[in-house]
Amino acid sequence: MPVTTAASEPSTEPVPGRVWTIRLTGHADRTATVTCTTAACRMPPRSKDVAGLRAFAAQHAAAHARVATVHTNAWCHCGSTQCAAHPDRPVHCAGGVALVLQHDPIVGRVWTLEEVCEACAPLIPNARVLARAARPARAGRRDGQAPPAPVPMPARPGIPGGFSSPAAQPADSPARQPRRPRRTSRPTQRRGQGQGR
């Protein structure tokens, strides 16, 4: 059943950072199950096809990431757990909100998506930033002109209750090219012969 939401002004009140956990659990009879912390998501039945279930879990985490809009007013989920994900590297929560996927490919059993602050995001082991909250537009500009109108985002598909695989992206959507780091060159200053300080 599709979910409908009424359009409303985004709240500025702080809200807890969200977290989704998808877990692959093995059993003594060499079968496995996949669970998701979102109760509305229906998972495949217990199976001996562990590789298939692992692929499903990864796709399910990716589907949640695609439909999640990062809340600009979210508290850092990592900070709300006293930064238990990186206890040896303390930091004060700061910066914007990012959606990260934490997954250890060696163990390969848990996929965790969470809204965290930009200070915690790089310190969480085996995590990568998938999205960042949109920066709020400034009220005005120095030149007296109004800021440009925001570009509406295309509608994103939901994760249906009978979810079995993530919705494929439309074939006509352009592939995202990875951004290359910009190189900055510094002019080198050479001291002439005979020059001293």
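Is R46 buried, partly exposed or exposed, and what is its relative accessible area? R46 is partly exposed, with a relative accessible area of 47%; buried means under 20% relative accessible area, exposed over 50%, and partly exposed in between (1.4 Å probe, protein chains only). The model is predicted, so local features need pLDDT of at least 70 and side-chain atom pairs count only at pLDDT 80 or more, while totals for chains, interfaces and linings use all residues. Residues are numbered from 1 along each chain as its sequence is written, and side-chain values use heavy atoms, leaving out hydrogens and water.

**Salt bridges**

- The whole structure contains 3 salt bridges, each defined as a side-chain nitrogen of Lys or Arg within 4 Å of a carboxyl oxygen of Asp or Glu.

**E115 and R18**

- E115 and R18 form a salt bridge whose closest N and O atoms are 2.8 Å apart.
- E115 belongs to strand β4 (residues 110–117) and R18 to the segment before β1 (19–26), so the pair ties together parts 97 residues apart in sequence; helices (H or I, at least four residues) and strands (E, at least two) are DSSP runs, numbered from the N terminus.
- E115 is buried at 0% relative accessibility, whereas R18 is partly exposed at 25%.

**R46 and D29**

- In the salt bridge between R46 and D29, the closest N and O atoms are 3.3 Å apart.
- R46 sits in the loop between β2 (32–36) and α1 (50–67), and D29 in the loop between β1 and β2, 17 residues apart.
- D29 is partly exposed, with a relative accessible area of 41%.

**E118 and R132**

- The side chains of E118 and R132 meet in a salt bridge at 3.4 Å, N to O.
- E118 lies in the loop between β4 and β5 (127–132) and R132 in strand β5, so this pair ties together parts 14 residues apart in sequence.
- E118 is partly exposed at 25% relative accessibility.
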